[in-house]
Amino acid sequence: MEAGDFLALVRPHLTYLFDNLDLGWRFVNALCDVCLLTWDDRVDVMNQKETRNTRINRLVTEILPYRGPNTTEKFMEALQLSQQQHIVKRLMREPIHAQGAAHLRGTRPRETESETSLERPLDDDAILFIGPHIGRWKQLGRHLGFTEGQIENIEEDYLKNQEEQGIQMLHKWVRKEGTSATLAKLATTAQKAGKGDVAHLLREYAMENT
């Protein structure tokens, strides 16, 4: 299975993984046992200086998708070894096609609802939601128009706190762009910056907060 296939599997369930995945040594060691992680990866994933959600996000969207063929099968095996069968069941659940489900309900698809909701400005609540999931934020900052000097200033102002750096970068972007700093613009920019998981979460946030 290619990287895109694994990402397509886990992205719709990121919020569920944030809430339910047990990212403890038992699971991380199981990932090593099935040859999805190296020792260096294990230390990185268990870095307590970052939030749990940031570490889960990096694991499933930046590390595991590029570990060669059979990633999904090995990931499922590691979940089984760490007694997390509920995650396996969730990931293998057949999703209902949004267009078809909306047709049966006689309502418009959720995608259309989210597109409308995405047009509203990025507010503090949205920043607090998405901030912990940004992870390595510099590339996104560049795509949002920050110069290298401005990026360095943010990094220096919030030393050794990657999550806070990302949050403050978004606050500065909102102050700079005003009402033009919408959820839609951030989602589109995140996609271009290689952070499709962030774009997905923003759309999910918009659907849940219509």
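Tutor: We begin with a term: a polar contact is a pair of N or O atoms within 3.5 Å; within protein, one must be able to donate a hydrogen and the other to accept it, and residues adjacent in sequence count only if both atoms are side-chain atoms. Here, the side chain of Ser-82 reaches the backbone oxygen of Ala-78 at 2.9 Å. The side chains of Ser-82 and Gln-84 are also joined by a polar contact, of 3.2 Å.

Student: What kind of model is this, and how are residues numbered?
Tutor: This is a predicted model, where local features need pLDDT of at least 70, side-chain atom pairs count only at pLDDT 80 or more, and totals for chains, interfaces and linings use all residues. Residues are numbered from 1 along each chain as its sequence is written, and side-chain values use heavy atoms, with hydrogens and water left out.

Student: Is Ser-82 buried or exposed?
Tutor: Buried means under 20% relative accessible area, exposed over 50%, and partly exposed in between (1.4 Å probe, protein chains only). Ser-82 has a relative accessible area of 7%, so it is buried.

Student: Where does Ser-82 lie, and which residues does Ser-82 touch?
Tutor: Helices (H or I, at least four residues) are DSSP runs, numbered from the N terminus. Ser-82 lies in the loop between H6 and helix H7 (85–91). Contact means heavy atoms within 4.5 Å; leaving out residues up to four places away in sequence, Ser-82 touches Arg-26 and Phe-27.

Student: At what angle do H3 and H6 pack?
Tutor: Axes are lines fitted to C-alpha atoms, for helices over the stretch in contact, and angles run from 0 to 180 degrees between N-to-C directions. Angles under 35 degrees count as roughly parallel, over 145 as roughly antiparallel, 65 to 115 as roughly perpendicular and the rest as oblique. Helix H3 (residues 25–33) packs with helix H6 (residues 71–81) at an angle of about 140°, their axes being 8 Å apart. H3 is therefore oblique to H6.

Student: Which residues of H3 and H6 meet?
Tutor: From H3 come Arg-26, Phe-27, Ala-30 and Leu-31, and from H6 come Phe-75, Ala-78, Leu-79 and Leu-81.

Student: Which residues of H10 are buried?
Tutor: They are Ala-126, Ile-127, Ile-130, Gly-131, Pro-132, His-133 and Ile-134. The helices they pack against include H13, helix H2 (14–20) and helix H5 (52–63).

Student: What is there at the start of H10, and what follows H10?
Tutor: At the start, a side-chain oxygen of Asp-123 comes to within 3.3 Å of the backbone nitrogen of Asp-125. After H10 comes Gly-135, with a positive phi near 70°.

How values were computed:
Helix = DSSP H or I, 4+ residues; strand = E, 2+ residues; numbered from the N terminus.
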